[in-house]
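Me: I am new to this structure and would like to learn how to read the site around a ligand. Please show me the model.

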Amino acid sequence: MKKIFVINGAPKFAHSGGEFNKTLTDWTVDYFKNYKGYDVKTTDINDGYKPEEEVEKFVWADVIIYHTPIWWFQLPNHLKKYIDEVFTAGHQNGIYFSDGRRSANPTRNYGTGGLLQGRKYMLTTTWNAPVEAFTLEDEFFKQHSVDKGVMFGFHQMNAFVGLKPLDSFHFYDVMKNPNIGQSEKNYRAHLNKVSKEL
Ligand SMILES: Cc1cc2nc3c(=O)[nH]c(=O)nc-3n(C[C@H](O)[C@H](O)[C@H](O)COP(=O)(O)OP(=O)(O)OC[C@H]3O[C@@H](n4cnc5c(N)ncnc54)[C@H](O)[C@@H]3O)c2cc1C
């Protein structure tokens, strides 16, 4: 049986109420637990956490799923803090051993010291920005996708600790057009696709 660790990284602040990401987290748990029959653990960063226990969840899981809104073109500070604390607790303790370099050849192999090899991760993000801001020439993101643009560092972080990516899924324009019914349908189709790669 596959083991899935689901993180809801959406705090409640200002006009980001966390409701969309909480709903998304519930869909993910329902899909893997009730539909696929997998073993699921969760963390909601709003509920507090102990870094050492979170390390155990990362090590336990076959797949880690991150749900996050985008705040000022990056992770919310709460989720970044979670990662800083948990990955630091996992240094030489399950998450990463080192930066991967050896003194004999210090210019090579940076980023190969992760200890989470054999595991995968999936990212979802939610945006006020419409998809066209990423896809259309002359619009704000100049045709840089979420994964290759704003979230490039996030994906490198996961590579650094040894995780391999599953396809991400991004929800655009969720403040003005959350379209919950269609979002759920599209997201479940995505989960059906990625779950074939587990
Ligand atoms: C500090 C800050 C910086 C930001 N920076 C950026 C940025 O750089 N770029 C950008 O694009 N956006 C930005 N945003 C917007 C942010 O990305 C969105 O507010 C966030 O993605 C919304 O996610 P949420 O989980 O908080 O949803 P919520 O705000 O809780 O929900 C969004 C909408 O969906 C509805 N909804 C949610 N769940 C359900 C449900 N189950 N049934 C019916 N309706 C539902 C809610 O009622 C609401 O209308 C920023 C927001 C903040 C606070």
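Me: How far does a backbone N or O atom of Phe 20 lie from an oxygen atom of the ligand?

Reply: A polar contact is a pair of N or O atoms within 3.5 Å. For Phe 20, the distance from a backbone N or O atom to a ligand oxygen is 3.3 Å. A ligand oxygen also lies 2.8 Å from a polar backbone atom of Ile 70, and Ala 129 has a backbone N or O atom 2.9 Å from an oxygen of the ligand. The protein covers 80% of the 980 Å² of accessible area that the ligand has on its own (Shrake-Rupley method, 1.4 Å probe). This is a predicted model, in which local features need pLDDT of at least 70, side-chain atom pairs count only at pLDDT 80 or more, and totals for chains, interfaces and linings use all residues. Residues are numbered from 1 along each chain as its sequence is written, and side-chain values use heavy atoms, with hydrogens and water left out.

Me: How many residues surround the ligand?

Reply: A residue counts if one of its heavy atoms lies within 4 Å of the molecule. Here 22 residues do, and the closest are Gly 18, Glu 19, Ile 70, Trp 72 and Thr 126.

Me: Which helix gives the most to the shell around the ligand?

Reply: Helices are DSSP runs (H or I, at least four residues), numbered from the N terminus. Helix α1, residues 19-35, gives the most, with four residues.

Notes. A polar contact is a pair of N or O atoms within 3.5 Å; within protein, one must be able to donate a hydrogen and the other to accept it, and residues adjacent in sequence count only if both atoms are side-chain atoms. Helices (H or I, at least four residues) and strands (E, at least two) are DSSP runs, numbered from the N terminus.
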